[in-house]
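Dear colleague,

I am passing on to you the structure that we talked about, and below it you will find my notes. Please read them with the model open beside you.

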Amino acid sequence: MLKKVVIVGAGLGGLAVAIALRRQGIDAQIYEKTRKIRHIGAALSLFPNGLNALETIAPGLVVSLKALGSQIHDINVRKSSGELIVHNRVNLIERYNQPMLNIRWSCLRETLASALTPDVIHFNYELVNFQQNDNGVKIYFDNGEAVKADLLIGADGINSTIRQILIGDGSPRYCGSMSWRAVIKYQHCLLRPNGITIMTGTDGKVFTLWDVGSGYIFWGAGALSADVSLSDSASIAKYRVLEKFAGWANPVEDIVKATASKEIIERPICDRHQLTSWSNGRVTLLGDAAHAMMPTLGQGANMAFEDAWELSQFLAHEPTIKAALASYENKRIYRTQVAQARCALQAWIQRTRSYDPNSEIFLPGVIEQAQVSHSEFEDWIYNYTPLEISQI
Ligand SMILES: Cc1cc2nc3c(=O)[nH]c(=O)nc-3n(C[C@H](O)[C@H](O)[C@H](O)COP(=O)(O)OP(=O)(O)OC[C@H]3O[C@@H](n4cnc5c(N)ncnc54)[C@H](O)[C@@H]3O)c2cc1C
């Protein structure tokens, strides 16, 4: 009988699965290594599949998120000189009844956390080990404390300690590019409400600007790099972006200059090898710990929300933990593997083109072609309907 679940990690996936389980009457407690909610991202895009999962987990939550974020209607692709290459209308709402919603990370994480009572999240607990037997799982933390539970969910992100203990498949895989991201209150004539601007260079560099609501703009810079090392300080990271994107049309240089160095998040782009199983006994994985993917399609968090809903359904309705985890893996592994592969493929297409000196001219064709072959995939990914267990 499942009474107590320990979730390690108060990231987007950990918070979502805690909400889902507690709504099923299961005592789910989160243990998080940081001292408070820390915003490790700047902003992200939510898509119809992730929004549908969230709305099923906590009815009304998506309405709150829509009020905080920006529903995207237009994407403009420009050369690094600023010249417009192509304008695309985003019609997800017409096709899937949910928008592409861009939102600040802090808003999303705080909205999820506010759906839980504060006593559910235990800060300053870094998991260092666990042991399990037929009666339960004991979880050990760096502060010397230990807790017992019927089930342990590893929602501890791409560098998951639980995955390392459970599977031991090493570190995340570096995908060959570095990213820098920030959110800032900013205005510029090219930055329209409900819009995204993607500026692209000939050498694998890309600079994106998104409206994320409430007057905030997200900017993200990406560049191919053999060097995976992080800058020694925040100001060096800022200098690195300015150097890499020198000469690009505004607002690139101005928005980076206007951003406080400490707000810039520098991170190598990594993913994880695909797994054929991610549970053992009373321990399972969720979100990036299970299936971290490249951000090319913005699906990592969306997939974590799908995981959260389905795992909660199986745990609430299957007769045993073993049966629930088998059903969870059965339902999630194939879908997340396809998403991981598609993200890597999309990145490869973009990268191959970017080595071409004429890639700025080729880009409209690439986008058009990608969208033709992409539409079936979009139907498959966005038409996700969170089912009740009786329908699964
Ligand atoms: C550049 C970039 C852009 C992205 N854009 C998008 C996007 O637009 N849309 C989208 O859906 N996804 C996007 N993603 C992916 C998304 O950020 C992740 O998939 C998502 O955050 C994963 O959530 P998670 O809960 O699994 O892990 P995380 O959010 O990483 O949370 C893990 C939590 O576990 C805690 N933790 C770690 N180890 C321990 C331990 N030992 N003990 C206790 N606590 C621990 C951490 O402190 C953290 O709070 C992007 C990723 C990147 C890098």
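Which residues of α5 are buried? They are Trp105, Cys107, Leu108, Arg109, Thr111, Leu112 and Ala113, where buried means under 20% relative accessible area, exposed means over 50% and partly exposed lies in between, with a 1.4 Å probe and protein chains only. Helix α5, which covers residues 105–114, is thus mostly covered, with seven of its ten residues buried. Helices (H or I, at least four residues) and strands (E, at least two) are DSSP runs, numbered from the N terminus.

Before going on, please note that this is a predicted model, in which local features need pLDDT of at least 70 and side-chain atom pairs count only at pLDDT 80 or more, while totals for chains, interfaces and linings use all residues. Residues are numbered from 1 along each chain as its sequence is written, and side-chain values use heavy atoms, with hydrogens and water left out.

Asn49 has a relative accessibility of 0% and so counts as buried, and its side chain makes a polar contact with the side chain of Glu306 at 2.9 Å. A polar contact is a pair of N or O atoms within 3.5 Å; within protein, one must be able to donate a hydrogen and the other to accept it, and residues adjacent in sequence count only if both atoms are side-chain atoms. Leaving aside neighbours within four places in sequence, Asn49 is in contact (heavy atoms within 4.5 Å) with Gln299, Asn302, Met303, Glu306, Arg335, Ile381, Tyr382 and Tyr384.

The nonpolar interior comes next. A nonpolar core is a set of buried Ala, Val, Leu, Ile, Met, Phe, Trp, Tyr and Cys residues joined through side-chain atoms within 4.5 Å. The largest such core has 72 residues, and those with the most contacts inside it are Ile7, Ile139, Leu152 and Phe305. Helix α1 (residues 12–23) gives the largest share of this core, namely eight residues. Apart from this core lies another, of 27 residues, which includes Ala42, Ile75, Val90 and Ile265. Phe305 touches Leu12, Ala16, Leu46, Gly50, Ala53, Leu54, Ile57, Leu108 and Leu112, if residues up to four places away in sequence are not counted.

The model also holds a ligand, and 37 residues surround it, the closest being Gly13, Glu32, Ser45, Asp288 and Ala301; a residue is near a molecule if one of its heavy atoms lies within 4 Å of it. By class, this shell has 14 nonpolar, 14 polar and nine charged residues, where Ala, Val, Leu, Ile, Met, Phe, Trp, Tyr, Cys and Pro count as nonpolar, Asp, Glu, Lys and Arg as charged, and the others, Gly among them, as polar. Among the elements that each supply at least two residues of the shell are α1, α5 and α10 (300–317). A polar backbone atom of Ser45 is 2.9 Å from an oxygen atom of the ligand, and a polar backbone atom of Ala301 is likewise 2.9 Å from a ligand oxygen atom. The protein covers 92% of the 1000 Å² of accessible area that the ligand has on its own, with areas computed by the Shrake-Rupley method and a 1.4 Å probe.

A few points of backbone geometry deserve a look as well. Asn250 and Pro251 are joined by a cis peptide bond, with omega at about 20 degrees, and Pro251 lies in the loop between α7 (234–244) and α8 (252–258). Asn97, which is not a glycine, has a positive phi near 65 degrees; Asn97 sits in the loop between α4 (92–96) and β7 (101–104) and is exposed, with a relative accessible area of 64%. Asn194 also has a positive phi, of about 60 degrees, without being a glycine, and is found in the loop between β13 (173–185) and β14 (195–200), where its relative accessibility of 23% makes it partly exposed.

With kind regards
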